[in-house]
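Subject: Structure handover

Hello,

Here is the structure I promised to pass on. Please open it and keep it beside this email while you read.

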Amino acid sequence: MKTGLRTVRLALTEPLRISRSTMSARDAVWLSVEHDGVTGHGEAVSSVYYRLDAAGLARHLTAAGSRLARFPDPEAALEALRTGELAGVPTPPAVTAAVEAALLDLVGKRAGRPVHRLLGAVDTPVAATARTLGITSPARAAERARSLVAKGFGVLKVKAGTPDPEDDVARVRAVRDAAPHARLLLDPNGAWTAARARALLPRFAELGVEAVEQPLAPGDPEALAELAARSPLPVVADEDAVDLEDVRRLAGRVHGVNVKLAKCGGVHAALRIAESIEGSGTRLMLGCLTASSLGLAPAVHLADRARWADLDGHLLLAHDPWSGIGGEDGRVRASGLPGLGVERREARRADLA
């Protein structure tokens with residue numbers, strides 16, 4: 001198998017402000033894996049929070065590509081990855097997820113089957129995705145909420161965690177007034193103390209917020225579980241639920257876990273997490289980083305397995321270089337095409353020229 005890398009800059013339509021930072025762009029590293037004239041693709045994106053830059057991602061992906069060369073075909077490599085035999089040196093989960101995505105894309109194309117069929121699903125996954133509203137003024141948040149609902153979005157995720165909690169309350173109230181029938185999620189990204197969370201959660205429950213993600217700073221899952229036990233609305237762990245071990249500690253003690261493929265290590269890791277929480281009372285949320293349709297596609301092939309789908313990272317971009325998973329009308333859809341079912345927009349235009 002032959003591998004290749006390309007690094008691109010993904011600019012957002014507008015800066016996204018959350019409690020700990022503001023982001024206007026991120027780098028993506030694309031991995032291609034070619035075998036017998038067929039090519040699969042995967043994507044890893046940079047993240048300040050996870051201490052991953054483009055250069056580091058490229059180094060890890062190059063090393064992973066070298067390890068792929070010892071396998072006779074992508075099917076064998078994918079099985080080795082699934083069983084942990086491909087791991088080699090410590091590899092960031094985002095890199096493992098990108099390698100797995102490229103292999104799934106390649107294996108699916110060789111078999112003439114979409115990824116969700118490779119994973120045992122019969123129906124093509126379709127799910128309503130949340131659409132993120134960053135920290136902004138109540139008036140701007142209301143304007144965006146009205147626009148998104150008009151396009152078909154029924155789930156809105158409001159970022160929170162400003163120094164003055166009344167700003168958060170005012171923003172959520174403005175969104176609720178502008179979109180009275182929308183399902184609302186809230187995400188402070190770990191900005192609250194336990195005392196502040198206990199004071200605020202009843203107020204957000206009264207405004208009809210459906211669930212809150214990671215209200216407390218990560219690093220104390222016991223405190224998060226204690227808060228969840230007394231919360232008037234569901235508490236979803238995100239930064240405190242990185243991998244399978246984290247999730248097992250929290251299963252049955254929080255109402256949900258946000259699984260991001262770049263955080264846990266890919267599709268098969270996510271499936272193991274989903275299996276581990278079955279029957280526990282803890283529900284699955286599928287989340288994402290801001291990325292292109294290529295980066296989002298593997299999760300979309302799992303989207304119908306989740307209670308909450310937050311798969312809008314590609315919708316935040318000024319230009320998405322890939323297409324194939326939809327989302328512009330509030331619903332993401334796995335393609336019925338072989339593999340991940342995404343295509344380069346430039347390549348498609350070239351084909352039409």
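Which residues of helix H11 (residues 267–277) are buried? They are Val 267, His 268, Ala 269, Ala 270, Ile 273, Ala 274 and Ile 277. Buried means under 20% relative accessible area, exposed means over 50%, and partly exposed is in between (1.4 Å probe, protein chains only). Helices (H or I, at least four residues) and strands (E, at least two) are DSSP runs, numbered from the N terminus. After H11 comes Gly 279, with a positive phi near 80°.

A word on the source. This is a predicted model, where local features need pLDDT of at least 70 and side-chain atom pairs count only at pLDDT 80 or more, while totals for chains, interfaces and linings use all residues. Residues are numbered from 1 along each chain as its sequence is written, and side-chain values use heavy atoms, with hydrogens and water left out.

Helix pairs

Two packed helices are described by the angle between their axes and the distance between the axes. Start with helix H5 (residues 138–151) and helix H6 (residues 165–178). Their axes come within 8 Å and cross at roughly 30°. Axes here are lines fitted to C-alpha atoms, for helices over the stretch in contact, and angles run from 0 to 180 degrees between N-to-C directions. H5 is therefore roughly parallel to H6. That term covers angles under 35 degrees; over 145 is roughly antiparallel, 65 to 115 roughly perpendicular, and the rest oblique.

The crossing of H5 and H6 is right-handed. In a right-handed crossing the near helix is turned clockwise from the far one by less than a right angle, and in a left-handed one anticlockwise. From H5, the contact uses Pro 138, Ala 141, Ala 142, Ala 145 and Arg 146. From H6, it uses Ala 170, Arg 171, Ala 174, Val 175 and Ala 178. Contact means heavy atoms within 4.5 Å. The residues of this contact of H5 with H6 are eight nonpolar, no polar and two charged. Ala, Val, Leu, Ile, Met, Phe, Trp, Tyr, Cys and Pro count as nonpolar; Asp, Glu, Lys and Arg count as charged; the others, Gly among them, count as polar.

Now take H6 with H7. Their axes come within 11 Å and cross at roughly 15°. So H6 is roughly parallel to H7. The crossing of H6 and H7 is right-handed. H6 brings Pro 165, Glu 166, Asp 168, Val 169 and Val 172 to the contact, and H7 brings Arg 196, Leu 200, Arg 203 and Phe 204. The contact of H6 with H7 has five nonpolar, no polar and four charged residues.

The loop between E3 and H1

Ser 47 is in the loop between strand E3 (38–45) and helix H1 (54–68). Is Ser 47 buried or exposed? Ser 47 is buried, because its relative accessibility is 5%. Its side chain reaches two backbone nitrogens: that of Tyr 49 at 3.4 Å and that of Tyr 50 at 3.1 Å. Both are polar contacts: a pair of N or O atoms within 3.5 Å; within protein, one must be able to donate a hydrogen and the other to accept it, and residues adjacent in sequence count only if both atoms are side-chain atoms. Leaving aside neighbours within four places in sequence, Ser 47 is in contact with Arg 26 and Leu 52.

Arg 51 lies in the loop between E3 and H1 too. It has a positive phi of about 55°, although it is not a glycine. Arg 51 is exposed, because its relative accessible area is 76%.

Around H12

Helix H12 (residues 293–300) is mostly covered, with seven of its eight residues buried. At its start, a side-chain oxygen of Ser 292 reaches to within 3.1 Å of the backbone nitrogen of Leu 294.

Cys 288 sits in the loop between strand E11 (283–286) and H12. It is buried, with a relative accessible area of 17%. The C-alpha atoms of Cys 288 and Ala 299 are separated by 8.1 Å.

His 301 is in the loop between H12 and strand E12 (308–309). Its relative accessible area is 1%, so His 301 is buried. Not counting residues up to four places away in sequence, His 301 touches several residues, including Pro 114, His 116, Ser 335 and Leu 340.

Best wishes
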